[in-house]
Amino acid sequence: MPTIAAVIPLYNGAPYIKQAIESVFDQDRPVDEIIVVDDGSSDDGAQIVEDMRRSDDRLRLFRKANGGQGSARNFGVANTSCDLIAFLDQDDYWYKNHLAVLEKLFLAKDDGRLAYVYSNPDRVAVNGDLIAPRFLDTLKNQEHPKSSLMSCLAEDMHVLPGSSLISRNIFSEVGGFDEQFKGYEDDDLFLRIFCAGYRSEYINQSLYAWRDNPSSTSYSRKMLISRIRYFEKISNHNIIGKLSKAEISIVAHRFARMAARHVKTLIPRNDRETIDFLLPHIRKATSKMLPYPRALLRFKVFRRYWLFRARLALESMLGIKRDSKPMPASPNQ
């Protein structure tokens, strides 16, 4: 039977880490090792882990300088020799049958090219209340498991590390998480696994609770920057070049549209710095779109932007001062 390691990155997660680790302790299929990587926390989360170590010698705690979730996960994998890796974020938790079901699926489907298996997470609130059971069922135009490059790129992949059981050898072969990302590191990893010719298996069953946490990376400027870097990476490495012109236009429109939505929400905050940061990305992404959608999206964005600039100029002439509320640079700001 394969050995399984649970790898949990920890960064200022004191309110949640105990529940996360207890959900690992409670698994019907016991893990062989539990690795928590403290990624430069400033709260007492690491002390909570230290206290829990006394009750279970499978639990190990490592400390490192802050480098982001991808860096912490890579560090954890580097410090285990287990065959399979089960990632868990500090503010999420597994149901009791999480590992038992995924391991059974992995063993039944493993043909030497199987990289990972994953399930359909429940989306829960900060207090644990259910928001959306089997969250992936609520999404449109989603294919699981992924069977084409277009399926991987047209929308967010929505393959969550916390709902997955991954081959350590294949994870290491493709290079693990790209540590330049502070968001989108999971999409990047699973895309590289797909491009390397490996496959995945999916079970439409709730085995994992994914917490919708406003303090997560998803709501920070780091995520915005990572999204731009992710688009640049798939463009510069000519990954999207394997698609047809129409498909490239769809993928580019996805990233340009998300940046345009940010511009719309940042204007009321008077966050000119972030808006000016986004505009070159919108130009670059729209340059890969077909003529009509490119013209329409650029018109909407830059019309809104120049009206914003005109309002700022008028307010400056009239001596009106508005506070700027910049997008948080990191999750805990």
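1. In this predicted model, glutamate 33 is buried, its relative accessible area being 14%. Its salt-bridge partner is arginine 60, with 2.5 Å between the closest N and O atoms. The pair connects distant parts of the chain, since glutamate 33 belongs to strand β2 (residues 33-39) and arginine 60 to strand β3 (residues 59-64), 27 residues apart. Arginine 60, at a relative accessible area of 30%, is partly exposed.

2. A salt bridge also joins aspartate 212 to arginine 123, where the closest N and O atoms are 2.6 Å apart. Here the link spans 89 residues, from arginine 123 in strand β7 (residues 122-124) to aspartate 212 in the loop between β11 (208-211) and α8 (221-236). Aspartate 212 counts as partly exposed at 21% relative accessibility, and arginine 123 counts as partly exposed at 25%.

3. Aspartate 178 and lysine 233 form a salt bridge whose closest N and O atoms lie 2.8 Å apart. Because aspartate 178 sits in the loop between α6 (168-173) and α7 (185-195) while lysine 233 is in helix α8, the pair ties together parts 55 residues apart in sequence. Aspartate 178 counts as buried at 18% relative accessibility, and lysine 233 counts as buried at 13%.

4. The count of salt bridges comes to 22, and a network of them links Asp38, Glu50, Arg53 and Arg63.

5. Serine 151, in helix α5 (residues 149-153), counts as buried at 15% relative accessibility.

Definitions and conventions
Residues numbered from 1 in each chain as written. Predicted model: local features only at pLDDT ≥ 70, side-chain atom pairs only at ≥ 80, totals over all residues. Heavy atoms only, no water. Helix = DSSP H or I, 4+ residues; strand = E, 2+ residues; numbered from the N terminus. Buried < 20%, exposed > 50% of the residue type's maximum accessible area, 1.4 Å probe, protein only. Salt bridge = Lys/Arg side-chain N within 4 Å of Asp/Glu carboxyl O.
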